[in-house]
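User: I am new to this structure and would like to be taken through it step by step. Could you help me read it carefully?

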Amino acid sequence: MTDLLNLAMLICAAVGSMAFGILAAYGILRVGFALLRTPQRPTTVKARTETARVS
């Protein structure tokens with residue numbers, strides 16, 4: 001019985017470490033690409049008011 005418990009704990013530890021590695025790599029890549037991207041400047045739209053001409 002203890003062998004099965006040890007096997008289950010080993011499998012859970014392996015799956016947990018793989019999940020942690022994948023999430024850590026995802027976080028590192030996300031931060032890296034966010035640093036590479038240029039900061040976007042807000043675009044300003046100049047609105048002109050136009051009067052209607054009545055003929």
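The questions and answers below go from the whole chain to single residues.

User: How many helices and strands are there in the chain?
Analyst: This is a predicted model, and the count is taken from it. The chain has zero strands, and its helix α1 covers residues 2-36. The count for the chain is therefore zero strands and one helix.

User: Is M18 buried or exposed?
Analyst: M18 lies in helix α1, and of the 55 residues of the chain 0% count as buried. A residue counts as exposed when its relative accessible area is over 50%. Because the relative accessible area of M18 is 53%, M18 is exposed.

User: Which residues make the nonpolar surface patch of about 810 Å²?
Analyst: The accessible surface of the chain comes to about 6,100 Å², and 68% of that surface belongs to carbon and sulfur atoms. The patch of about 810 Å² is made by M1, L4, L7, L10, I11, V15 and M18.

User: How far apart in space are A24 and P39, C-alpha to C-alpha?
Analyst: A24 is found in helix α1 and, at 31% relative accessibility, counts as partly exposed. In sequence, A24 and P39 are 15 residues apart. In space, C-alpha to C-alpha, the distance between A24 and P39 is 24 Å.

How values were computed: Residues are numbered from 1 along each chain as its sequence is written. This is a predicted model: local features need pLDDT of at least 70, side-chain atom pairs count only at pLDDT 80 or more; totals for chains, interfaces and linings use all residues. Side-chain values use heavy atoms; hydrogens and water are left out. Helices (H or I, at least four residues) and strands (E, at least two) are DSSP runs, numbered from the N terminus. Buried means under 20% relative accessible area, exposed over 50%, partly exposed in between (1.4 Å probe, protein chains only). Accessible areas come from the Shrake-Rupley method with a 1.4 Å probe; for residues, only the protein chains shown count as cover. Patches are made of residues with over 30% relative accessible area and no salt bridge: like charges are joined within 9 Å, nonpolar side chains (Val, Leu, Ile, Met, Phe, Trp, Tyr) within 5 Å. A salt bridge is a side-chain nitrogen of Lys or Arg within 4 Å of a carboxyl oxygen of Asp or Glu.
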